[in-house]
Amino acid sequence: FNIFSLGDCLGTRDRKKLWLAFAEALHYGIEPEEIFWQFSRAVKNMLLVKKSSDLESLGLHPFVLSKTKKFSQNFSADELSEFSNKLVNIFYEVRNGQREMAIALERLVMEI
């Protein structure tokens, strides 16, 4: 399983593909926390691209930068900020024992 496909599916904003990739990742034994960090990284990179005026100064690999630029067009900056806030809330609620990571992430996937 290619864990980077999770970020790609998120970037395309295709709920069905993302959910299938999420389920496949779990099937192959990828830990929910690894999936969480893939989502976080994808959202962070898209936010950086949306808010930066000098993309070359971001320090992203050219391949990652080109994909992220394309993906960031599928979201507004406000949507990405909201998604980032949801990820932060999930992280703290899981750490406090209020939620399970896999269930929280699946719900988040279904909201896209």
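**Helix contacts and a pocket**

Analyst: Let's start with a helix pair. Phe83, Lys86, Leu87, Ile90 and Val94 in α5 are in contact with Met101, Ala104, Leu105, Leu108 and Glu111 in α6. Bear in mind that this is a predicted model.

User: What classes do the residues of the α5 and α6 contact fall into?
Analyst: Eight are nonpolar and two are charged. No polar residue takes part in that contact.

User: How do packed helices get described?
Analyst: By the angle between their axes and the distance between the axes.

User: OK. At what angle do α5 and α6 cross?
Analyst: Roughly 165°, with the axes coming within 10 Å. Helix α5 covers residues 77–95, and helix α6 covers residues 101–111. Angles over 145 degrees count as roughly antiparallel, so α5 is roughly antiparallel to α6.

User: Is that crossing left-handed or right-handed?
Analyst: The α5 and α6 crossing is right-handed.

User: Now α2. Which residues of α2 meet α6?
Analyst: Arg15, Leu18, Trp19 and Phe22. On the α6 side they meet Ala102, Leu105, Glu106, Val109, Met110 and Glu111. By class, this contact has seven nonpolar and three charged residues, and no polar ones.

User: And how do the axes of α2 and α6 run?
Analyst: Helix α2 spans residues 15–27. Its axis and that of α6 come within 9 Å and cross at roughly 160°. That crossing angle makes α2 roughly antiparallel to α6. The crossing of α2 and α6 is right-handed.

User: Switching topic. What about α1 and α3, at what angle do they cross?
Analyst: At roughly 50°, and the axes come within 9 Å. That angle makes α1 oblique to α3. This crossing is right-handed.

User: Which residues meet there, between α1 and α3?
Analyst: From α1, Phe4, Leu6, Gly7, Leu10 and Gly11. From α3, Ile35, Gln38, Phe39, Ala42, Val43 and Met46. They divide into eight nonpolar and three polar, with no charged residue.

User: How many residues line the largest pocket, and which lie nearest its centre?
Analyst: The lining has 14 residues. Nearest the centre are Gly7, Asp8, Asn45, Val64 and Lys67. Gly7 also belongs to the contact of α1 with α3.

User: Which helices supply at least two residues of the lining of the largest pocket?
Analyst: α1 (4–12), α3 (32–51) and α4 (62–72) each do.

User: Last one. What is the class make-up of that pocket's lining?
Analyst: The lining of the largest pocket has six nonpolar, five polar and three charged residues.

Notes: Residues are numbered from 1 along each chain as its sequence is written. This is a predicted model: local features need pLDDT of at least 70, side-chain atom pairs count only at pLDDT 80 or more; totals for chains, interfaces and linings use all residues. Side-chain values use heavy atoms; hydrogens and water are left out. On a 1 Å grid over the protein atoms alone, a cavity is a set of points where a 1.4 Å probe fits but cannot get out, and a pocket is an open set with protein on both sides within 12 Å along at least five of seven lines; lining residues have an atom within 4 Å of a point. Helices (H or I, at least four residues) and strands (E, at least two) are DSSP runs, numbered from the N terminus. Ala, Val, Leu, Ile, Met, Phe, Trp, Tyr, Cys and Pro count as nonpolar, Asp, Glu, Lys and Arg as charged, and the others, Gly among them, as polar. Axes are lines fitted to C-alpha atoms, for helices over the stretch in contact, and angles run from 0 to 180 degrees between N-to-C directions. Angles under 35 degrees count as roughly parallel, over 145 as roughly antiparallel, 65 to 115 as roughly perpendicular and the rest as oblique. A crossing is left-handed if the near helix is turned anticlockwise from the far one by less than a right angle, and right-handed if clockwise. Contact means heavy atoms within 4.5 Å.
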